[in-house]
Amino acid sequence: MSPKKGKRSGSSKMKSKKSQSPTPQGKTGHPEDIFPLTLTSATQNLFGCQIDEDVTAQSPYKLLKKDDIMQDIKTRAAVSDFSPAKQIVLDYPEEEILLVFDSEFTFGQSFYLVLSPEAKNRILKLPETETPEVLENEVDTARKPKQWVSLGSEKEIEEESVKEREPLVFTFSRKRRFFGLPVSFSDNITPISQGFPSYEDNRRFIPAMLTDCGTQAVPKVQSSTAQTNWLGKRNNSTHYEPRDLSEEEKEVILQSDSMKEFLRGVTPRMLHALQQEEIFNLFTDDLKDLGADVEDDNEPDLSKGLELFKTFTDPSKGKKISSVNWHPSINGVIAVALKMQREEESDSEEDLSLTDPKFIAFYSFADLSKPQDLRKEQTPEVLYSAASEIESSHKAAVTDVQWLPPTFEVTRTGLPVENTSKLCVQVITCSPDCTIMFWDVRLPKQAGLSLFQRPDQNTPMTRYIVPKTFKHLDRTWKPLFKVSFQKMDGSGVYAPLKLSFEPYPGNAEAAGSWSAEDFLDYSQLRIPSAKELKTLEDVNTKIFIGTEEGEVVYTDWKLEKDEFGLVHCPKPLFSFSTHDFMVYAVQRSPFFKDIVLTVGTWNFAIWKEGVMEGPLHVSKFSVENCTAGCWSLTRPAVFFIGKDDGSMEVWDLLENTNGPSQVHPGIISGTIICIKPWIVSSKQHFLAVTNDHRVVRILEISKSLRTPTSNESSRMEEHFEWETKYVKEFDRRKKVWAKEKEEQELKKETKPAKPVLTPAEQEELDKKEYGEFLKLEESILKGLGLWPKPDHSDKKN
């Protein structure tokens, strides 16, 4: 039996050598004291040598225990990555073997084993005990400073150094016989007018060795204007033909002595000029390179896209601008709503809404000095026509107001029905008091003259001219219905600041005209019964809401009935906290009615109605707060963003979606609170910008920003469609990833625990697995023809 065991041992060595031959590790090209090999991620995790975590290019070494490697070979059999180096590990003399991570694949694999202790110490560079001779040599070979060589600098140091000099001693004495004599004063002195005669200083002039001086050259700037009035226009024409020389005349001129003398004189200068032009650009503006043409930082650079046209300022103090709008029919007239700015706001809602004076200033391009202010110093003086009932109104400031179009009206439950009068009679308001209210300027159908406001002690008597257009609503006007939307997580109620709705997002023609008849007596109109009106199914009743906490909410304003018949507000369709703080603008694109721009404190976003997965585009957070925004009226890809530092960004989505195409600093001082575009003509577009300091600036939009590019509308439509597909696909993937993560966590929870084995059972299991490994190894080698044939010579002996 012993010879067979010996044969078995010998065959095992021969098998290991032959099994290495077909693998890359057996190839030459690396030192004999290393063994390249590849470790799978499972083996790396098992031995604690994961790439870029446990071992890196800077720390590639890992000491592995010899017993752990042998245990892995026994446990995982041929699957083990160390099985090709089995005999090498067995023959290693020490308990720990060095594993090195080869990040550069120097020897063809990602790892290699060090096969000898000497190589391990050499690679790890273990310190050896230094002999005294080595230390002595190191001391002897230390770098010594060179001898200092004087180059004359000590003379300058000596001259500049401060030294203490010996003090000067003066002795003043007087002869004794002059002591005690009377003093005699005299007025015989030289007149001051004659002065003191000059004399030549006999001291030598000391020349300056070094002088610091500076010079500055600036270009001459001259401002001048010229204007020519073209009184009469007429068509003129002229006809001419070139006057050429004949060939004989040309030849005479070229052969003349004057021409030859001219060419001899100018040829060297021309060649020199051409040479200098090739070497250096003679026409470079050096002052421009030095920054001499940099404009003052306080002046806005408006030459590229926006140019300052007019500036209006209210000279009175104590007021601030709340809103601005262009006159719909008179060009060059803009209305600015002003309110008194008080240090302490009154707690009384009645005082806040009724006694606080309101002003509307009309600015015209014809008169820049004085606004046409409707206030008490001028006539006519106009007050509001009607005020709503205090108890039924908003409990906070109204932050947005929008009229419903004349094509439909809503019932007390928000249901859209036909508008038989074809007039704008309903309005929507929102406020941070967490409510959105719908108002109707008509009286209820059963209302009579008793609902009219009668003068009494509660009605302030004023000398102002009050229009009677809506007098029938004064102090009795109540909302038709109001809604409050609960947050989707149930933590409270949304506080709306801005809203936007489009009843016909896919059909612009269905919106109809918004104009109303002049001088209409609204007191004769009555709210019809909802049963008498036809319900309109094609009207969109969903609205975008920007809240005080930065949420963008998309919801339906129609009230719903639950299973018990109670009417309640619907649940929002979606809500995203895209903006960290207040939403200042919610505006729809004039070209795509389903595209909405929202502007928050730190960024802005673009949404598409009907896309529930989120915004199509969200800008990066900016250092300056975003306070206003609006779309261009002529270019679908352009919109404007106002900042709290008075600057304005011009965005062109076809040019760049990651940053603004133009940035205009210092458009206006202070915070931009409102931006309103207006088209005067095809060649003149304006942008009204206001701040919170009673200043209105009119900017003229350049041709590049008002003229659309080729197929801009269709290109933007394709852009929004592509962004919609991207958002939907990203949302789908997020759901798939969340589902996979949930399934993995569920598997971890439901996975049965492995039974705990006794040492004897574990040893029996290891022997069984090792026996299976030997059988698998024998079958593989026999299939390759590498299994050694039995030696019958021992049997004969």
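Which side chain meets D731 in a salt bridge? The partner is K735, at 3.5 Å from N to O. A salt bridge here is a side-chain nitrogen of Lys or Arg within 4 Å of a carboxyl oxygen of Asp or Glu.

This is a predicted model, where local features need pLDDT of at least 70, side-chain atom pairs count only at pLDDT 80 or more, and totals for chains, interfaces and linings use all residues. Residues are numbered from 1 along each chain as its sequence is written, and side-chain values use heavy atoms, leaving out hydrogens and water.

The salt-bridge rule gives a count of 20. Among them are these pairs:

| Pair | N to O distance |
|---|---|
| E94 and K120 | 2.6 Å |
| D731 and K735 | 3.5 Å |
| E763 and K767 | 3.8 Å |

E94 and K120 link distant parts of the chain, 26 residues apart. E94 sits in the loop between α4 (86–91) and β3 (96–101), and K120 in helix α5 (residues 117–124). Helices (H or I, at least four residues) and strands (E, at least two) are DSSP runs, numbered from the N terminus.

D731 and K735 both belong to helix α13 (residues 712–750), 4 residues apart, or about one turn of the helix.

Burial is set by relative accessible area: buried is under 20%, exposed over 50%, partly exposed in between (1.4 Å probe, protein chains only). K120 is buried at 9%, while E94 is partly exposed at 30%. D731 is buried at 15%, whereas K735 is exposed at 57%.

E763 and K767 share helix α14 (residues 759–784), again 4 residues apart. E763 is partly exposed at 46%; K767 is exposed at 53%. Elsewhere, salt bridges with shared partners join E409, D440 and R442 into one network.
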